[in-house]
Amino acid sequence: MVAPHLRVLVVGAGIAGLAVARTLRLAGFRPEIIERSARADGPEFGLYLPGNAERALREIGLDDPVRPFGQVIRYQRFLDAQGRELCEVDLDKLWSGVGECRALPRSDLHRVLLSGAGGEVRYDTEVRALDLHPDAVTVTFGDGSQAEYDLVVGADGRRSSVRALAALGGLARPAGHIVYHGVVRGGPPLADWTGLLGERAAFVAVPMGADRLHCYADEVGTATPTDPLARVRELFGGYGDPVPAILGALDRVWVTRTDEVELGAWSRGRVVLVGDAAHATAPTLAQGAAMACEDALVLARSLDRSATVREALESYEYRRRPRIKWVLDRTRDRNRTRDVPPPLRDPLLRIRGNRIFQEHYRLLVDPA
Ligand SMILES: Cc1cc2nc3c(=O)[nH]c(=O)nc-3n(C[C@H](O)[C@H](O)[C@H](O)COP(=O)(O)OP(=O)(O)OC[C@H]3O[C@@H](n4cnc5c(N)ncnc54)[C@H](O)[C@@H]3O)c2cc1C
C-alpha cells in the first residue's frame, strides 16, 4: 500500500473531486481540496443518474444519503417528434442487481458528496502553476502562495487547467451539439424519463419529484445562440405532447456546447486526472457522474493495493480505459442516430429501439 501520509491535493470540488476526496479518506488518506469558485450554490440544475451511478455511490457509502432526494425512474420512453411511442426501456430490468436510476437536483448530490468528503474545501482558490519533480509537485496557487504535494489529482472538469499545466492535453474538442437545460416547476405530470427524437435535435424531460422536471434538449451545432429560451421555443415549438406544456412552464434555460476530452495519458509524474478533466463526453448517456465516482473508487483502490504511486497511477488508468472508451464510443453511436432522417430511423427504433438503447449500457452493468 502507498503510505497514507501521502500529501494529496485534489483540484476541483465537483462530482469527481469530492468523490475522490471521499474514497481517499475511506482509504486512510487526508487530501486537501481546492475549488476555484465561491461556495454559493449555483443555479438549479437537474441530473439523471443511471443504475451504475447508484452502485458507485453505494460502494463509497453514499447511496443512503442520496435516496431521499429526487425521484426513482423506472422507464425510459422514446417518442418521435409528434409524441408517438417509438420504444420503451425497462430500467429496473436493465439495471437489475446494480442500482436504481434516479433524477435529482445536482446541488443535492453535491451536498451529499461534500459532507462525505469531510466538508473542508478551500473555495476561491485555483492553481496557477505546477512544477513537476520526480516524486513531488510544487503547486503555485492563484494568490502566489506555494506548497508541495506527493500527488495532485486534477478534478477540474472538461476545461481543466491541471491538464494543461501538466502538459497532458489542451483544449476540449467540441462534440458537435448545443445543449439546453433547465428545471420546470408545475409542468405536466410525468412518471418516466421521456425523450422526443426529432431531426438533428432531441427534447428530454425527467421528473425529479416535488413537481419538478429536469429538461434537457440538444441540437446539432457548435455555436451557442444569444437567446437560448427563444431558440428552444423555436426548435421544439412544433413537437408533440408533453413538450408544449413544458415549454409553457419553462422560464429560463442554460446553454452550453458539448465537449469531448480524449487523452493519450491521464497522468504525468505525480499529477493524475479524473472525471471530465480526463475523459469528458457529450452527456447523451448521462454517464458523467457514474464515471467520476467509478474513477474515484478505482484510484483509491489502486493506491491502496500498489507498492508505489507510479504503479497505482498506471493501474488506475489501465483499469478505467476500457469503460471510458465504451462510454465515448456508445455516446458517439447514440448521437449519430440524430443525423439519420426520422423517416428512416423511426421505423427501425419501433422494432429494435429497445435492444439498441439497452446495448449502449451493456458493459456498464458489470462492476468497475
Ligand atoms: C448540460 C449537461 C448535462 C449533463 N447531464 C448529466 C446527467 O444527467 N447525468 C450525468 O451523470 N452527467 C451529466 N452531465 C455530465 C456531468 O455534469 C459531468 O460529467 C460531471 O459534472 C463531471 O464532474 P467533474 O467533477 O469531473 O467536473 P465538473 O463538474 O466540471 O467539476 C469541476 C470543478 O472544478 C472546478 N474548477 C475548474 N477549474 C478549476 C481550477 N483551475 N482550480 C480549482 N477548481 C477548478 C469547477 O469550478 C468545478 O467545481 C451533464 C453535463 C452537461 C454539460
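**Entry 1. Arg200 and the model**

I began with Arg200, which is partly exposed because 15 other C-beta atoms lie within 10 Å. The scale I used calls a residue buried if 20 or more other C-beta atoms lie within 10 Å of its own, exposed if 12 or fewer, and partly exposed in between, with C-beta atoms placed from the backbone. I noted that this is a predicted model, in which local features need pLDDT of at least 70, side-chain atom pairs count only at pLDDT 80 or more, and totals for chains, interfaces and linings use all residues. I numbered residues from 1 along each chain as its sequence is written.

I placed Arg200 in the loop between β13 (193-197) and β14 (201-207). Helices (H or I, at least four residues) and strands (E, at least two) are DSSP runs, numbered from the N terminus. I then read the backbone of Arg200: phi is positive, at about 55°, although Arg200 is not a glycine.

**Entry 2. Other backbone points**

I looked up Ala167 next, and found a phi near 55°, a positive value in a residue other than glycine. Ala167 belongs to the loop between α6 (161-165) and β12 (173-185). I recorded Ala167 as exposed because it has 12 C-beta neighbours inside 10 Å.

I also checked the peptide bond between Asp241 and Pro242, which is cis, with omega about 5°. Pro242 sits in the loop between α7 (228-236) and α8 (243-249).

**Entry 3. The sheet β8-β9-β10**

I traced an open sheet of three strands in the order β8-β9-β10, with antiparallel pairing. β8 (127-133) and β10 (146-149) are at the edges, each with a single partner strand, so one side of each has no neighbour in the sheet. From one strand to the next the twist averages 20°. For pairing I required at least two bridges found by DSSP between two strands.

I followed the β8 to β9 pair, where the strands run antiparallel and six bridges join them. Val127 has Phe141 in β9 as its bridge partner. β8 and β9 form a hairpin, with two residues between them.

I then took strand β9 (residues 136-141) and β10, which pair in the antiparallel sense over four bridges. Here Thr140 stands opposite Gln146 in β10.

I described each helix pair by the angle between the axes and the distance between the axes. Axes are lines fitted to C-alpha atoms, for helices over the stretch in contact, and angles run from 0 to 180 degrees between N-to-C directions.

The axes of helix α1 (residues 15-26) and helix α10 (residues 288-305) come within 8 Å and cross at roughly 30°. I therefore recorded α1 as roughly parallel to α10. Angles under 35 degrees count as roughly parallel, over 145 as roughly antiparallel, 65 to 115 as roughly perpendicular and the rest as oblique.

I noted the crossing of α1 and α10 as right-handed. A crossing is right-handed if the near helix is turned clockwise from the far one by less than a right angle, and left-handed if anticlockwise.

Among the contact residues I listed Ile15, Ala19 and Leu26 of α1, and Ala292, Cys293 and Leu299 of α10. Contact requires C-beta atoms, placed from the backbone, within 7 Å. The residues of this contact divide into 13 nonpolar, one polar and two charged. Ala, Val, Leu, Ile, Met, Phe, Trp, Tyr, Cys and Pro count as nonpolar, Asp, Glu, Lys and Arg as charged, and the others, Gly among them, as polar.

**Entry 4. α10 against α11**

I found α10 and helix α11 (residues 309-336) packed at an angle of about 155°, with axes 8 Å apart. I therefore recorded α10 as roughly antiparallel to α11. The crossing of α10 past α11 is right-handed. Among the contact residues are Glu294 and Asp295 of α10, and Arg319, Arg320 and Arg323 of α11. This contact divides into eight nonpolar, two polar and five charged residues.

I located His110 in helix α5 (residues 106-116). His110 counts as partly exposed because it has 18 C-beta neighbours inside 10 Å. His110 and Ile15 are 95 residues apart in sequence, and 6.7 Å apart in space, C-alpha to C-alpha.

I placed Glu85 in strand β6 (residues 85-90). Glu85 is exposed, with 12 other C-beta atoms within 10 Å. I found Glu85 and Arg350 265 residues apart in sequence and 7.8 Å apart in space, C-alpha to C-alpha. Leaving aside neighbours within four places in sequence, Glu85 is in contact with Arg77 and Leu79.

Technical notes
Contact = placed C-beta atoms within 7 Å.
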